[in-house]
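This report describes selected local features of one structure, in plain terms. Please look at the sequence and the model before reading on.

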Amino acid sequence: MPELPEMENYRRLLSQTIVNVPIMNVVVNREKSLNVSVDEFTSALLGSKVIYVERRGKHLVFHLHNGGRLLLHLMLGGILYLGRVGEERPSRSTQIEITFGDHVLYFIGLRLGYLHFLTAKETENTLKDLGPEILDRRMNKARFIQLLGKRRGALKTTLVNQQVIAGIGNCYADEIAFDAQIHPLSKIQDLSEQSLEQVYDSTVKVLHEATDGGGYMEMPFQEGDELTGAYNDECKVYDREGEPCVRCGTPIVKAEHASRKIFFCPNCQHEA
């Protein structure tokens with residue numbers, strides 16, 4: 001499932017390509033991906049413009065010039081692709097296609113994901129239970145420690161809880177724990193303040209590196225895009241079972257906790 005780095009990478013790319021470009025055409029191949037009828041969705045979009053692309057956690061919010069919002073959650077397997085009209089087109093089936101000028105934005109893999117047309121208030125209400133943004137300028141180490149200090153349970157379970165902090169999922173929770181040299185199943189309540197400070201530093205570091213590195217998406221955003229997905233080769237532990245730890249050479253282990261896969265080094269990640 002795309003996490004903060006992947007969605008932030010998409011936000012940056014979309015902000016450079018579709019903002020203030022009139023929507024010329026809308027194709028819906030899967031009505032279940034919407035929250036309104038195809039006619040209502042199409043009518044709301046045709047002739048309008050996206051004036052701002054916002055990311056909130058793992059969501060993207062497209063602000064329309066008429067005050068409406070498009071709320072996107074790719075869920076598991078969702079991908080975006082931007083192609084030119086009549087030229088580049090993804091080989092996979094698409095659920096929604098929106099034409100911005102001479103480009104088409106393809107929404108792929110929305111079997112679990114969705115693109116909902118909402119008012120500003122409805123969007124705010126839908127996202128109201130999300131936790132704060134870890135990379136927001138209003139977040140700092142003291143506030144982060146205060147947030148986690150109130151929690152109980154495993155570090156990984158806490159990091160992926162969207163009501164605690166928005167945007168972190170399985171991959172980056174494991175990468176953060178590895179960078180902090182803490183076992184992902186360490187109990188939050190057993191971690192020292194120094195360890196929590198290290199978790200904060202590692203969270204900021206990993207998310208910035210992953211975002212700037214294009215995340216781990218499986219296909220480029222558009223033709224010629226060599227950034228999107230490039231961070232897949234930079235992951236230290238996620239999906240690296242059996243490979244030598246880049247720090248100590250010990251084989252990376254895969255385990256399972258609360259129905260989630262966990263990847264870690266059994267030697268240099270210590271459990272509190």
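N20 counts as partly exposed because its relative accessibility is 47%; buried means under 20% relative accessible area, exposed over 50%, and partly exposed in between, with a 1.4 Å probe and protein chains only. The model is predicted, so local features need pLDDT of at least 70 and side-chain atom pairs count only at pLDDT 80 or more, while totals for chains, interfaces and linings use all residues. Residues are numbered from 1 along each chain as its sequence is written, and side-chain values use heavy atoms, with hydrogens and water left out.

N20 sits in the loop between helix 1 and strand 1. Helices (H or I, at least four residues) and strands (E, at least two) are DSSP runs, numbered from the N terminus. The phi of N20 is positive, near 65°, although N20 is not a glycine. Most residues other than glycine have a negative phi. M75 also has a positive phi without being glycine, near 50°. M75 is found in the loop between strand 4 and strand 5 (79–84), and M75 counts as partly exposed because its relative accessibility is 25%.

Helix 2 covers residues 38–45, and its buried residues are F41, T42, A44 and L45. These fall within an arc of 165° seen down the axis of helix 2, so they line one face of the helix; the arc is that of the directions from the helix axis to the C-beta atoms. D39 and S43, on the other side of helix 2, are exposed. Among the elements that cover the buried residues are strand 1 (23–28) and strand 3 (59–64). After helix 2 comes G47, with a positive phi near 85°.

The next topic is pockets. On a 1 Å grid over the protein atoms alone, a pocket is an open set of points where a 1.4 Å probe fits, with protein on both sides within 12 Å along at least five of seven lines; lining residues have an atom within 4 Å of a point. Volume is the space filled by probe spheres set on the points, which are joined across faces, edges and corners.

| Pocket | Volume |
|---|---|
| Largest pocket | About 410 Å³ |
| Second largest pocket | About 330 Å³ |

The largest pocket is lined by 20 residues, and R55, E133, L135, D136 and R138 are the closest to its centre. Strand 2 gives the most to this lining of the largest pocket, with five residues. For the second largest pocket, the lining has 17 residues, with M1, E3, N170, Y216 and Y238 nearest its centre.

Definitions and conventions:
Contact means heavy atoms within 4.5 Å.
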